[in-house]
Amino acid sequence: MTGEIAAGGYDYVIVGAGSAGCVLANRLSADPSVTVALLEAGGRDTNPWIHIPAGYYRNILNPDITWQFGSGPEPHLGGRTINWPRGRVLGGTSAINGLLYVRGQSHDFDVWRQLGNAGWSFADVLPYFKRAEGQERGADALHGGDGPLGVSDLHISNPVCEAFIASCRAEGIPLTRDFNGPTQEGVGYYQVTNRRGRRSTTAVAYLHPVKSRANLQVITNAEARGIMLDGSRATGVRVRHGGIEQIVTARREVILSAGAIGSPQLLQVSGIGPVDVLKAAGVAVRHDLPGVGENLQDHYQARLVYEVNARGSLNEVWHSPWLQVKSGLEWVFRRQGMLTFGAGVVGVFTKSAAGVDIPDIQFHFIPLSGEGPGKGLHRFPGVIVSVCQLRPESRGHLRITSPDAAAKPAIVSNYLAAEVDRRILLDAIKLARRIVARPPFAEAIVREHAPGAQHKTDEQLMTFARDLGTTIFHPCGTAKMGRDKMAVVDERLRVHGLTGLRVADASIMPTMTSGNTNAPTIMIGEKAADMILQDARNPAVAA
């Protein structure tokens, strides 16, 4: 599975063993007549906390398995820098994310098609969602039952979660069992990407089952430094591996699956991108492509925190050695309990105001509270109600500042730049307050810890959102698919103006999906693999 770089090269070279890259490695290497190299800058996924779902809270800041990027200074957040961890290990960000399985709304993909991207409507992408999905509840018209990616219910009974659900229903939000069903709207428990209580990363789901294939080579600790070009054709990737720089040759295609940061960064350091950005960084221009690194989008959240007197806050477990041991044993022997939780337990998808056609806000309700990952949990029993706008209009950018691929790029997300983003986030905060003020959840509240009862006016609430809000870790759009002058790839994910080079990850999203982005990224990997294999069989059509 791992080893040295073959001198003769490979048919396909994939950069990044993350949410899409592992999918591509599996599907492309299913053809024994081709050879595939999968390059991963990080190491193997041997850290046991990767495979425990609640390990998210430990691993997201672990520098051994993450890139620690920063977005900022953010001009609309008082110049703050927002931490942006991304996976640097087999499985990529699917190994450190919050595990929530949310596809988005059918509308999201129909918009992609309306933007000129043939083959990307919801009807077009649904078969790929289903092919990926190993749904615990079984297959139906919208779900796959035997796919490699484990998708499971949270098998819990939590009083404070049930009280929050009941208060949402009292506010008029319908109950749902499936945010990926015919309609996304409603309140209910999230499903998570685990199988029998263990995290289902794309490395676990797609890569490890095929590690014995002779035509697949997975090369870890191989940091991509640049794309090799022969005229307008990509011929390979320059990597640092084993302490030296080497060339990994691609006879057919180079496929970038390094994520919404890594893929545009690698394009730019290779001389592919906006001329002014490349020249300012001291990079020779090989191909002028102004959209590389632009169109950056992300979900921004404001987190309301409540001290509660009801049973169910997991803060008490955090501060009790006995309860920690009990929870650990429950996971080891039954694969159940709090260690199976992800970054949200109860979800809400709803409309911010009357007259809105489809849900435009999302809540993550978590039966614990703290100041953020890596900072521990509060001493009091607490819960978090995180709110975000689903389809922000603010756009940011990513730009290299050096020809060195190891240097971090300059990232500015421009959170809350658009007035509509500020308005919808404010409406979401107000809705959250109305919900928690309704029985039965109201009876469980001791106090509002954040923003606090003293924050009453719109201006005060927006100050809270600007000062303490943060990312939900969903960057996308930086190598967008389309036909306009700022598009980077076409509808078959081929980089405009070049041959032998594609991008397949969250960076190709022209607009954000309505929710967590891991499931759509896996779908992109599935669909990209099919298109690559189709084009190989019909090169005249592909051209």
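Modeller: One term before we start: contact here means heavy atoms within 4.5 Å. Also, this is a predicted model, where local features need pLDDT of at least 70, side-chain atom pairs count only at pLDDT 80 or more, and totals for chains, interfaces and linings use all residues. Residues are numbered from 1 along each chain as its sequence is written, and side-chain values use heavy atoms, with hydrogens and water left out.

Colleague: Okay, what do the buried residues of helix 13 pack against?

Modeller: Strand 17 (300-308), helix 12 (419-436) and strand 23 (445-450). Helices (H or I, at least four residues) and strands (E, at least two) are DSSP runs, numbered from the N terminus.

Colleague: And which residues of helix 13 are buried?

Modeller: Leu461, Met462, Phe464 and Ala465, in a helix that spans residues 458-468. They sit on the same side of helix 13, because they cover an arc of only 150° around the axis. That arc is taken from the directions from the helix axis to the C-beta atoms. Buried means under 20% relative accessible area, exposed over 50%, and partly exposed in between (1.4 Å probe, protein chains only).

Colleague: Switching to charges: how many salt bridges does the structure hold?

Modeller: There are 22, counting a side-chain nitrogen of Lys or Arg within 4 Å of a carboxyl oxygen of Asp or Glu. One of them joins the side chains of Arg103 and Glu133, at 2.5 Å from N to O. Arg103 is in the loop between strand 4 (82-87) and helix 4 (106-114) and Glu133 is in strand 5 (residues 133-135), so the pair ties together parts 30 residues apart in sequence.

Colleague: Are Arg103 and Glu133 buried or exposed?

Modeller: Both are buried.

Colleague: Which salt bridge does Lys430 make?

Modeller: The Lys430 side chain meets that of Asp458, 2.8 Å from N to O. That links distant parts of the chain, since Lys430 is in helix 12 and Asp458 in helix 13, 28 residues apart. Lys430 counts as partly exposed at 29% relative accessibility, and Asp458 is partly exposed too, at 38%.

Colleague: On to holes. How much space lies in the second largest pocket?

Modeller: About 510 Å³. It has 24 lining residues, and the closest to its centre are Arg303, Glu371, Gly372, Lys375 and Thr470. On a 1 Å grid over the protein atoms alone, a pocket is an open set of points with protein on both sides within 12 Å along at least five of seven lines, a cavity is a set where a 1.4 Å probe fits but cannot get out, and lining residues have an atom within 4 Å of a point. Grid points are joined across faces, edges and corners, and a volume is the space filled by probe spheres set on the points.

Colleague: Which elements supply at least two residues of that pocket's lining?

Modeller: Strand 4, strand 17, strand 23, helix 13 and strand 24 (470-471) each do.

Colleague: And how big is the largest cavity?

Modeller: About 120 Å³. Among its 13 lining residues, Asp298, Tyr300, Pro392, Tyr415 and Asp421 lie nearest the centre.
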